[in-house]
Amino acid sequence: MTRIALCQIPVSPDPSTNLKRAREALAAAEGADLAIFPEATLTRYGRRVTGLAEPLDGPFVTGLAEAAREHGLAVVAGVFEPGEDRVHNTAVALDAQGAVKAAYRKIHLFDSFGAKESDLVAPGAEPVVVELAGVRVGLITCYDIRFPELARALVDQGAELFAVIAAWGSGPLKEDHWVTLVRARALENTMWTAAVGQAPNPAESSDGFGVGRSMLVDPLGVVRADLGTGPGVRVVEVDHEWTATARATLPCLEHRVL
């Protein structure tokens with residue numbers, strides 16, 4: 001078993017507020033091996049990300065690393081890194097000693113539904129699988145979930161769990177898209193999938209980001225936990241023996257032709 005804390009927190013424009021909330025969530029994640037936070041945990045989306053982006057040895061990630069070390073659990077969280085002309089939307093992975101083990105720069109940018117993420121963010125190029133808490137975790141960020149080829153590339157790199165982080169946009173049918181896509185990526189790859197989104201932040205609701213609905217989905221697409229819309233931390237269990245059972249029943253990865 002791997003115990004995962006789904007840390008569905010609201011995100012403020014202020015990084016210090018968000019670090020405080022992340023520390024509180026880690027303190028509430030007692031017994032977890034891995035804590036997953038949303039995309040853009042550093043600061044809410046907006047033009048402010050250009051000025052607030054930090055390197056991975058900056059105060060925000062350093063603070064997360066101290067908390068990871070204090071509580072003895074690995075962490076995945078969304079931050080913004082400075083780039084040459086635009087920032088990178090990065091999922092940083094820390095081990096239980098607080099060391100940076102990997103950084104995945106979001107490949108698919110959200111230039112949809114009237115948004116233009118690429119105005120501020122430069123795309124990454126490489127899928128990333130990282131070992132955390134003894135599990136090979138494939139990293140997926142928000143809009144990436146709409147691209148099954150990325151998830152399949154992570155499978156080919158040996159992923160045993162998908163960690164999906166998001167600041168999902170609200171709007172007609174958008175919440176339904178989120179649930180459907182997360183379940184689809186889990187089912188088509190017979191893969192445990194831990195998906196964590198920002199909780200709605202009423203003080204910042206005008207930008208539309210954050211619908212909650214963080215979930216744990218099993219390898220047959222069954223939702224084992226759903227946090228709804230409110231902020232919260234829930235520790236859930238991933239049973240790796242069930243992965244083998246599911247793949248014996250549904251050996252679709254073995255049946256691939258292309």
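Buried denotes a relative accessible area under 20%, exposed over 50%, and partly exposed the range in between (1.4 Å probe, protein chains only). The model is predicted: local features need pLDDT of at least 70 and side-chain atom pairs pLDDT 80 or more, whereas totals for chains, interfaces and linings use all residues. Residues are numbered from 1 along each chain as its sequence is written, and side-chain values use heavy atoms, without hydrogens and water.

**View 1. Aromatic pairs of Phe110.** Phe110 and Phe113 form a stacked pair, 6.3 Å centre to centre with 25° between the planes (ring centres within 6.5 Å; stacked under 30 degrees, edge-to-face over 60, the rest tilted; for Trp, the six-membered ring is used). Phe110 pairs edge-to-face with Tyr143 at 5.4 Å and 70°. This second pair ties together parts 33 residues apart in sequence, because Phe110 lies in the loop between β5 (100–105) and β6 (129–132) and Tyr143 in the loop between β7 (135–141) and α4. Tyr143 is buried, at 14% relative accessible area.

View 2. Phe110, Phe113, Tyr143 and Phe147 are linked into a cluster by ring pairs. Phe113 counts as exposed, at 55% relative accessibility. Lys174 lies over the face of Phe113, 4.6 Å from the ring centre (criterion: NZ of Lys or CZ of Arg within 6 Å of the centre and within 35 degrees of the ring normal).

**View 3. The buried face of helix α5.** Buried residues of α5 include Lys174, Trp178 and Leu181. The buried residues of α5 fall within an arc of 170° about its axis, so they line one face of the helix (arc of the directions from the axis to the C-beta atoms).

Definitions and conventions:
Helices (H or I, at least four residues) and strands (E, at least two) are DSSP runs, numbered from the N terminus.
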